[in-house]
Amino acid sequence: MTERLWSPWRMEYILSDKEKGRCIFCEAIAQDRDEKNLILYRGKHAFIILNLYPYNNGHLMVVPYEHVPSTEDLAPEVLMELMLLVNKSLQVLRKVMSPQGFNIGINMGASAGAGIEDHVHIHVVPRWTGDTNFMPVLAATRVVPELLEQTYAKMQAVLTTV
Ligand SMILES: [Zn+2]
């Protein structure tokens, strides 16, 4: 069950492998088009971004601005903001999607399933009872851009209220 849940994030790996030497997080931060890049929120040390290849509706990531591979490389204030943004994400997801649970986790290193292994990030995935029953492993391929944009808009609207 666990393996099945986390394996779709290897989609990221496929992407990063294609674009060697580039970091999609750093590129997204550097650009001034958050909506197009699905950046929901920019904090002082970290930001929230929707996953382009979501495992589930609302699958997002909390990412430090710093391009480092491990939480061990981050200063205490950055670590604290990461968790505060995880909390903010939970609040937004609860309001927008009423999930019944969450998976929150970090895949550190390619062997652990990290797609973008040079830039550590925390996955937040809302869960509903039975969602694995109807979602095939490659469900991400069926998520159309319009749906992702809708999710972005809904979450963006709620973000200011939490
Ligand atoms: Zn980076």
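Guide: Start with a pairing: β3 (residues 60-64) runs antiparallel to β5, over 3 bridges. Two strands pair if DSSP finds at least two bridges between them. Strands are DSSP runs of E, at least two residues long, and helices are runs of H or I, at least four long; both are numbered from the N terminus. This is a predicted model: local features need pLDDT of at least 70, side-chain atom pairs count only at pLDDT 80 or more, and totals for chains, interfaces and linings use all residues. Residues are numbered from 1 along each chain as its sequence is written.

Visitor: Which residue in β5 stands opposite valine 62?

Guide: Isoleucine 122 does. β5 also pairs with β4 (residues 101-105), antiparallel over 5 bridges. There, asparagine 103 has valine 125 as its bridge partner.

Visitor: How many residues of β5 are buried?

Guide: A residue is buried if 20 or more other C-beta atoms lie within 10 Å of its own, exposed if 12 or fewer, and partly exposed in between; C-beta atoms are placed from the backbone. In β5 (residues 122-127), 5 of the 6 residues are buried. Across the protein, buried residues make up 28% of 162.

Visitor: Why is leucine 90 called partly exposed?

Guide: Because 16 other C-beta atoms lie within 10 Å of leucine 90. This residue sits in helix α5 (residues 76-97).

Visitor: Which residues does leucine 90 contact, beyond its neighbours within four places in sequence?

Guide: Contact needs C-beta atoms, placed from the backbone, within 7 Å. Leucine 90 contacts Phe102 and Val124. The C-alpha atoms of leucine 90 and phenylalanine 102 are 8.2 Å apart.

Key: Contact = placed C-beta atoms within 7 Å.
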